Amino acid sequence: MQTSENPVTSAESAAKQFLGFDPNNPPDPTLIDSCVHCGFCLSTCPSYRVIGKETDSPRGRIYLMDGVNEGEIPLSPATVQHFDSCLGCLACVTTCPSGVQYDKLIAATRPQIERNHSRPLPEKLLRQLIFSVFPYPDRMRVLLRPLGLYQKSGLQKLVRSLGFLKQISPQIAAMESVLPNISAGAFQDTIPALIPAQGQKRYRVGMILGCVQRLFNPAVNDATVRVLTANGCEIVVPQLQGCCGALSHHQGQEEQTKTFARQMIDAFADSNVDAILINASGCGHTLKEYAHILQDDPDYYEKAQEFVSKVKDVQEFLAAVGLTVKLSPLQDKPLVMVYQDACHMLHGQKISIQPRQLLKQIPGVQLREPIDAALCCGSAGVYNILHPDVAEELGRQKVENLTNTGAQLIASANIGCFVQISKHLQLQGKTVPVLHPMQLLDYSIQGIELQTESNNMLIG
Ligand code: SF4
Ligand code: SF4
């Protein structure tokens, strides 16, 4: 058979199409080589659990990173798809018996993709929308009024019942489906710059408000303030603080992450605090990574190290310094609850005992453990918007596992998990409330009882 293809032109075009990692911090071959391909990580990997392909497992992705590094595999759309399908949950880091630092490998891979791979236009536009709006509370607030109207007018119910958004774009439909109820507290920040401790001052702490947290569940920040002040903390809240950069960091938006990190460090520069506290685990993990994120910035590296030395999850902090205030039962009979481990708390920060310790101090609380407690709920920053199919399955499994414990209440310390679990509870027709441990401690400190009616818990 004759072909009109010119072999020279075809080789040139193949070379042009071959895109690999650039020399700017590719995944470290030494870290890649530390993987002995044992496969222990596969069973704990949520993307492998749902997709079922080796290339969507930690081991498979490490092979791909190696292949791209060696120039044997191109950074093609197919390759990128396997990196994109990673939730960044870091369960594989916890599981790996050889100590493979997959977190560092995927963190190096994502910016490479953003620099060297051209995404299809609709995906590019969606990502641009996310990164230019979500991490900016002021921009998000512009959208809140029309979104609130959309919810209250009944239009949301109609749109959901017709289900046509999914046909137009599964990602837009996913974004709509995780939209929490917009409360009056979402429209402006009300927490002042300095809040005195109640009683004797034990610590001066800084507090990070979180950009999604303050808009979509501001009650958690209010509760955190009350719990900290009741336990002798004076709180400093820099009013100009922005996003911590977690959203951008998890998606390889390197420059945006660095900008947010520098702004956050500057916001706390003169605060003279003993600790900088955060109540959302995704943010906490990124805040603790600032020194790594700014390692090549001579002006900020040392400042980042000092900042990181003070960052604590609020539960980590309170468990370490101890609660000094009296706690009351939340109801007049034992309260059965399940604590949901957020990935960036459990795998990213290795915090699992402290939240349970705090919750168990509330009289009458009985904690249950779900099966697959360490498996991601599918939220993973904006993963549930960008990859709705995988996220849906993980959300479904997580809610089944949590509710199968028979718990009356779910305690969750991450805004992303809160949104994802709430959505799937609703989809499964379950009315179990989801509350942050800070809200539970706050109720307990204030002596507020949670009411039950026909076995359903009512949060007033
Ligand atoms: S990452 Fe760790 S657990 Fe997974 S295959 Fe490699 S060595 Fe084994
Ligand atoms: S970070 Fe999570 S999703 Fe990604 S490879 Fe590891 S276990 Fe799988």
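Tutor: Take strand E8, residues 409–412. Leu409 and Ala411 point one way from E8, while Ile410 and Ser412 point the other way. All are buried (20 or more other C-beta atoms within 10 Å of the residue's own; 12 or fewer is exposed, in between is partly exposed, and C-beta atoms are placed from the backbone). Strands are DSSP runs of E with at least two residues, helices are runs of H or I with at least four, and both are numbered from the N terminus.

This is a predicted model: local features need pLDDT of at least 70, side-chain atom pairs count only at pLDDT 80 or more, and totals for chains, interfaces and linings use all residues. Residues are numbered from 1 along each chain as its sequence is written, and chains are lettered from A and ligands numbered from 1 in the order in which they are written.

Now the neighbours of E8. Strand E6 (residues 335–340) pairs with E8 in the parallel sense, over four bridges. To pair, two strands need at least two bridges found by DSSP. Ser412 of E8 is the bridge partner of Gln340. E8 also pairs with strand E9 (residues 434–435), again in the parallel sense, over two bridges. Here Ile410 stands opposite Val434 of E9. Between E8 and E9 the chain passes through helix H25 (residues 415–427). This β-α-β crossover is right-handed: with the strands pointing away from the viewer, the path from the first strand over the helix to the second runs clockwise.
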